Amino acid sequence: MRPGAKNLITDVAGLRVGNAEDHHVKTGATVLIGEVPFTAAVHVMGGAPGTRETDLLSPDKLVQQVDALVLSGGSAFGLDSASGVVDELRAEGRGFLVGDQRVPIVPGAILFDLLNGGDKGWDVNPYKALGRRALAVASDQFELGTIGAGTGATVDGLKGGLGSASLVLECGITVGALVAVNALGAVTMGEGPEFWASPWEMDGEFGARGFGTHDPTLEPRPEAGLGENTTIAIVATDADLTQAQATRLATAAHDGMARAIHPSHTPFDGDLVFAAATGAKPLPDDTGFDALRLGHAAATCLARAIARGVYEATPAENDTLPTWSARFS
């Protein structure tokens, strides 16, 4: 396996990502959009998720494909980001056909960033507009760090951020990950700069600091308050997957979250992974081994993307925590 040309989720052909942020509020939204609808699924392992339209992603539901996926800050307020995307897609004539009406299918998930030093005293919920803006700038190239849904994110002791990574398997199938890292747990080991995801780093993509040490007897002492968390992610592939297979991909990807964040999947995080499959390439192996390889690649991409999101974070006025670069460079 090797990283794709951009080392972004958009190495999966046909997918674009848009980001919009408000640095005064310290929040933002991120949209993943396909050229055409794509198969999607979801798996939740955190104890405090915030979601929109995730029930319809079960394999037994009527709708098997979606138009876009949205990650947003703002806690429950941020669910309105997907409404902005829905409005724009409807105006473009996209969506599930019901009679003479088009209904865009846009599941979403939110993280909590309401206590990060930004001004949350808005008169009008800003997230619908952020969703519209993110969709409008969707591209196959985008920045990482303090951008989009990662703008106001934090982890234990550091600013969080938006991360992405990709892999191309030997069979030619591409897998990518996109994540807004806002965890109760830590992404670095002890007091040092080394990332928990270090064993999966490729080409020095998050500093090449190597392996640190940790005391396994220490109990977690996160600086964030309980309930102020959640890491939300999308893993994508150009493989032709059923919704059931996409669900298994999302489930396997949670291994990457556990590799990169300690502890992860806590009762106070809403940790969630969407899966997206464009269907451009058939799985060449019908014995199941390629599905296994896809899951491993998704977990590896997600671990790397988490570290990249924190590594690329940049400082801003009124931050409550330092960036990785400010603390360790």
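Helices (H or I, at least four residues) and strands (E, at least two) are DSSP runs, numbered from the N terminus. The model is predicted, so local features need pLDDT of at least 70 and side-chain atom pairs count only at pLDDT 80 or more, while totals for chains, interfaces and linings use all residues. Residues are numbered from 1 along each chain as its sequence is written, and side-chain values use heavy atoms, with hydrogens and water left out.

**Backbone**

Pro263 is placed in the loop between helix 3 (243-260) and strand 13 (272-281). A cis peptide bond, with omega about -10°, joins His262 to Pro263.

Ser75 is not a glycine but has a positive phi of about 55°. Ser75 sits in the loop between strand 4 and helix 1 (80-91). Asn318, also a residue other than glycine, has a positive phi near 70°; Asn318 belongs to the loop between helix 4 (289-311) and helix 5 (324-328).

**Accessibility**

Buried means under 20% relative accessible area, exposed over 50%, and partly exposed in between (1.4 Å probe, protein chains only).

| Residue | Relative accessible area | Class |
|---|---|---|
| Ser75 | 18% | buried |
| Asn318 | 52% | exposed |
| Leu62 | 72% | exposed |
| Trp122 | 22% | partly exposed |
| Tyr127 | 0% | buried |
| Phe195 | 1% | buried |
| Phe206 | 1% | buried |

**Helix 2**

In helix 2 (residues 127-136), the buried residues are Tyr127, Leu130, Gly131, Ala134 and Leu135. They lie on the same side of helix 2, because they cover an arc of only 130° around the axis (the arc of the directions from the helix axis to the C-beta atoms). These buried residues pack against strand 1 (15-22), strand 2 (27-44), strand 4 and helix 1, where contact means heavy atoms within 4.5 Å.

**Aromatic pairs**

Rings of Phe, Tyr and Trp (its six-membered ring) pair if their centres lie within 6.5 Å; planes under 30 degrees apart count as stacked, over 60 as edge-to-face and the rest as tilted. The structure has six aromatic pairs. One of them is edge-to-face: the ring centres of Trp122 and Tyr127 are 5.8 Å apart, with the planes at 85°. The pair of Phe195 and Phe206 is edge-to-face, with centres 5.3 Å apart and planes at 75°. Phe195 and Phe206 each lie in the loop between strand 11 (174-181) and strand 12 (232-239), so their pair ties together parts that are 11 residues apart in sequence. Ring pairs also link Phe195 and Phe206 with Tyr311, Trp324 and Phe328 into a cluster.
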